[in-house]
Amino acid sequence: MKPSGYVSGVRYKGIDNMLENRLKETRRGYWDIVWSRPDIRTRSFFDTLECTSFRIVAETEDQVEISFTKTWNLSLGNNVVPLNIDKRYIVLSGVSGFYSYAIFEHLEGWPDLNVDEARIAFKLRHDMFDYMAISDDKQRIMPTENDRIIGQTLDYGEAVLLTNPVNPNLRGEVDDKYQYSCDNKDNRVHGWISSDKRVGFWVITPSDEFRAGGPFKPDLTSHAGPTALAVFFSGHYAGPNFGVRLRNGEPWKKVFGPVFMYLNSDTSDEPRALWEDAKKQMSQETKKWPYDFPLSSEFPKANQRGTINGRLFVRDTYINRELIPAKSAYVGLGRPGEVGSWQAETKGYQFWTQTDDNGYFTIRSVRVDTYNLYAYVPGIIGDYKYNGGIIVRPEIQIQIGDLVYDPPRNGPTLWEIGIPDPTAAEFYVPDPAPSLVNKLFINHTEKFRQYGLWDRYTDLYPSEDLIYTVGISDYRKDWFFAHVNRNVDKYNYVPTTWRILFDARNVSRTGNYTLRLALASANFAEIQVRINDPDARSPHFTTGRIGRDNAIARHGIHGQYLLYNVDLLGFQLINGKNTIYLKQARASSPFNGVLYDYIRLEGPFGSPQ
């Protein structure tokens with residue numbers, strides 16, 4: 001057996017290999033990372049983590065576990081990642097598939113290191129797998145890799161117009177792997193089906209504890225190739241600074257996985273039968289978490305973990321004079337940090353749950369460590385963080401009691417646009433250009449996945465920018481989902497300025513008003529705010545250049561959440577008609593822009609709602 005740790009073949013139901021035989025053995029099934037050494041400023045390396053030794057950890061009638069390892073030392077030089085790697089594969093008796101997990105270790109005193117991406121990739125048989133399923137409403141016959149090669153590349157390499165596909169029904173459609181991205185919280189099972197052989201290959205991720213960025217972090221799933229991925233972290237929808245950053249000899253160790261590669265078969269002609277079976281298997285896997293069979297001491301069993309119980313309320317007297325139970329809130333434990341820091345955290349583990357209708361929550365199977373508790377409440381602006389560290393011990397249930405979130409609030413709501421959720425999904429998403437359609441997303445709840453919607457703003461507003469009149473306009477119809485630039489010719493874009501018109505009565509000249517700008521995404525953007533004077537030389541407020549999450553280009557409806565609180569003085573407003581100007585001032589590409597989550601103007605404290 002070669003000690004590399006690559007998966008070169010998967011046999012199932014008389015099929016000699018479900019992976020692509022035409023590829024090198026090193027590019028069929030593999031772990032990979034993207035890394036660099038910031039201390040010597042070398043290029044980034046795409047590294048498939050070829051190991052140098054292996055051992056059989058267990059070999060019984062019930063279980064086989066194999067470990068492939070590589071160990072770093074200084075003599076290996078600058079082109080070898082300074083990590084110890086232990087890749088594990090597990091096969092259990094009577095289980096149709098195999099598990100994989102890995103332990104990455106950076107010892108104290110080792111060189112500085114950036115790891116930008118970590119994942120497992122499987123390249124399946126081109127001539128076999130043709131049907132991809134991501135969710136109940138995202139599954140379809142897919143183009144081949146060759147269809148993409150001979151197609152027309154659009155604004156970037158991942159997006160291709162299919163000009164002469166093998167399946168003529170796909171001609172004229174757009175294919176882009178980012179159209180099939182998914183939030184961590186929704187990414188439990190995805191994969192491929194062979195319509196001919198009636199078999200399926202699925203990636204099941206039973207827990208989010210080892211993923212980075214929290215429950216809302218989007219990432220890739222499966223895509224044309226056919227390719228199936230288990231992504232642990234990447235800069236997609238987050239930016240190039242998202243990743244593991246190790247400095248000044250910092251020690252670090254993390255277990256990624258296990259994830260389960262599930263194989264199934266069916267004699268019917270309906271692909272959904274295999275999908276439904278894969279979902280059932282996913283449900284069984286999540287119920288078994290944490291698994292009791294991985295043999296590495298770095299993976300704690302259920303009796304080596306702890307639990308935390310509590311209840312979360314929201315206190316906003318402008319909504320309700322009583323405490324409001326935080327219904328369906330996301331509550332999580334993560335590494336200690338600032339408010340909202342969990343969405344950029346990659347080094348540690350995160351454990352999330354949702355509250356019930358009365359705000360009660362239980363977070364189970366938490367690794368022993370010290371954490372901060374964070375929360376996000378749908379319908380409420382901002383993020384919550386519990387003040388104080390939480391020490392989790394084995395088999396101990398922590399009763400944290402009642403917690404109260406005081407969201408940002410200085411005064412009554414004068415008007416609001418959108419829903420704090422934190423996405424731009426409630427706003428107007430246009431139809432794609434007729435020549436740039438992915439048929440899967442026609443009349444779909446994720447209509448924003450269509451290609452080229454950034455240029456649809458120019459089609460709808462060819463010369464004048466968006467105007468939104470409070471009390472008359474409807475944000476579901478009149479607020480474009482992305483504040484992007486206007487295309488003035490094929491390669492040139494200009495900034496755009498949106499106007500919010502509103503009437504103000506009984507303005508307090510000495511009062512303090514607050515404009516809340518909650519952003520669901522930003523990419524090389526700058527939002528400038530002016531009050532009643534669009535030509536003012538200096539804006540009243542500017543975000544400066546913000547964001548690199550690239551959610552607009554990658555068909556996302558959110559990326560990294562940002563909240564800006566803009567103070568206004570009463571004398572800047574007038575009794576009567578007022579205008580707030582929001583200018584997106586950066587115009588170097590079609591993808592500069594922001595997705596708004598929610599905008600609110602608050603009056604002075606004590607003024608009427």
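Which residue does Glu446 meet in a salt bridge?

1. **The Glu446 pair.** The partner is Arg449: the two side chains meet in a salt bridge, with 2.9 Å from N to O.

Which residue does Glu446 meet in a salt bridge? The points below begin with that pair and go on to other parts of this predicted model.

1. **The pair at Glu446.** The partner is Arg449, and the distance from N to O between the two side chains is 2.9 Å.

2. **Other salt bridges.** The structure holds 40 salt bridges. As background, side chains of opposite charge can pair when their charged atoms come close. One of the bridges joins the side chains of Arg600 and Glu602, at 2.7 Å from N to O. Both Arg600 and Glu602 are buried. Elsewhere, a network of salt bridges links Asp136, Arg272, Glu276 and Lys279.

3. Arg148 and Asp175 form a salt bridge through their side chains, 2.8 Å from N to O. Arg148 belongs to helix H1 (residues 145-149) and Asp175 to strand S12 (residues 174-175); the two residues are 27 residues apart, and the pair links distant parts of the chain.

4. **The open sheet.** How many strands form the open sheet? There are 9, in the order S3-S4-S5-S6-S20-S15-S14-S8-S9, with antiparallel pairing. Strand S3 (53-59) and strand S9 (138-141) are the edge strands, each pairing on one side only. From one strand to the next, the twist averages 15°. In general, strands of a sheet pair through backbone hydrogen bonds, either parallel or antiparallel.

5. **The S3 and S4 pairing.** Strand S4 covers residues 63-70 and runs antiparallel to S3, with 6 bridges joining the two. Within this pairing, Ile56 stands opposite Ile66 in S4.

6. **Arg88 in the sheet.** Arg88 is part of strand S5 (residues 84-92). Its relative accessibility is 4%, so Arg88 counts as buried. Beyond the neighbours within four places in sequence, Arg88 is in contact with several residues, including Arg55, Val57, Glu65, Tyr99, Tyr101 and Leu295.

7. **Lys217 in a loop.** Where is Lys217? Lys217 sits in the loop between strand S15 (199-204) and strand S16 (218-219). Lys217 counts as buried because its relative accessibility is 4%. A polar atom of the Lys217 side chain lies 3.3 Å from the backbone oxygen of Ser234. Apart from neighbours within four places in sequence, the residues in contact with Lys217 are Cys182, Asp183, Asn184, Ala212, Ser234, His236, Ala238 and Phe242. Asp549 is 332 residues away from Lys217 along the chain, yet their C-alpha atoms are separated by 11 Å.

How values were computed. Residues are numbered from 1 along each chain as its sequence is written. This is a predicted model: local features need pLDDT of at least 70, side-chain atom pairs count only at pLDDT 80 or more; totals for chains, interfaces and linings use all residues. Side-chain values use heavy atoms; hydrogens and water are left out. Helices (H or I, at least four residues) and strands (E, at least two) are DSSP runs, numbered from the N terminus. Buried means under 20% relative accessible area, exposed over 50%, partly exposed in between (1.4 Å probe, protein chains only). Contact means heavy atoms within 4.5 Å. A polar contact is a pair of N or O atoms within 3.5 Å; within protein, one must be able to donate a hydrogen and the other to accept it, and residues adjacent in sequence count only if both atoms are side-chain atoms. Two strands pair if DSSP finds at least two bridges between them. Axes are lines fitted to C-alpha atoms, for helices over the stretch in contact, and angles run from 0 to 180 degrees between N-to-C directions. A salt bridge is a side-chain nitrogen of Lys or Arg within 4 Å of a carboxyl oxygen of Asp or Glu.
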